[in-house]
Amino acid sequence: MAFFRPRVSREAEVRYHADQEISKSFPQLLEKARQAEKTLRELRAAAADEIELMAAGQAFDRALTEALRAAEAGQRATFGVKAYDNRIARRKAKATPAGAMWTAEVERLRTLREENRMWGIPGVPRPLPATR
């Protein structure tokens, strides 16, 4: 007696392999984000002007966003190819040690990025238009 075992979709396999490739760059992107954060902290300690702080804050935000995208891809790839089509498989995979590690890393990076967006990028006032 043969049992029917549904296979995953071709789209899920393609996305899985793409996420595996993207997640390989995670360590380099995380190091890039650490360097951007270090630069931002050094500028704050040196009491740099707001233009430099804004540029450094925006560079840190871009680096965090790239690292976050790679971490999310690593999380999806760790969950496995079945998790792309099946929410139950995704939920089960999240409970494994590797899935929990990636989930915690994604949440940490999201929190760090939101904190930087709220408090790390100073707003530079716009110049007022000249009046007569």
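In the predicted model, a patch of positive charge on the surface is formed by Arg-15, Arg-87, Arg-90, Arg-91 and Lys-94. The largest contribution to this positive patch comes from helix H4, which spans residues 87-94 and supplies four residues. Arg-87 is located in helix H4 and has a relative accessibility of 59%. Since the cut-off for an exposed residue is over 50%, Arg-87 is therefore classed as exposed.

Helix H3 covers residues 50-79 and includes Glu-72. The relative accessible area of Glu-72 is 18%. Buried residues are those under 20%, so Glu-72 is classed as buried. When residues up to four places away in sequence are left out, Glu-72 is in contact with Val-106 and Arg-110.

Glu-50 is also part of helix H3. Its relative accessible area is 41%. This value falls between the limits of 20% for buried and 50% for exposed residues, and Glu-50 is therefore partly exposed. With residues up to four places away in sequence again not counted, Glu-50 touches Pro-122, Gly-123, Val-124 and Pro-125. Glu-50 and Val-14 are 36 residues apart along the chain, and a distance of 45 Å separates their C-alpha atoms.

Note on methods. Residues are numbered from 1 along each chain as its sequence is written. This is a predicted model: local features need pLDDT of at least 70, side-chain atom pairs count only at pLDDT 80 or more; totals for chains, interfaces and linings use all residues. Side-chain values use heavy atoms; hydrogens and water are left out. Helices (H or I, at least four residues) and strands (E, at least two) are DSSP runs, numbered from the N terminus. Buried means under 20% relative accessible area, exposed over 50%, partly exposed in between (1.4 Å probe, protein chains only). Contact means heavy atoms within 4.5 Å. Patches are made of residues with over 30% relative accessible area and no salt bridge: like charges are joined within 9 Å, nonpolar side chains (Val, Leu, Ile, Met, Phe, Trp, Tyr) within 5 Å. Accessible areas come from the Shrake-Rupley method with a 1.4 Å probe; for residues, only the protein chains shown count as cover. A salt bridge is a side-chain nitrogen of Lys or Arg within 4 Å of a carboxyl oxygen of Asp or Glu. Lys and Arg count as positive and Asp and Glu as negative; His and the chain ends are not counted. The place of a charge is taken as NZ of Lys, CZ of Arg, CG of Asp or CD of Glu.
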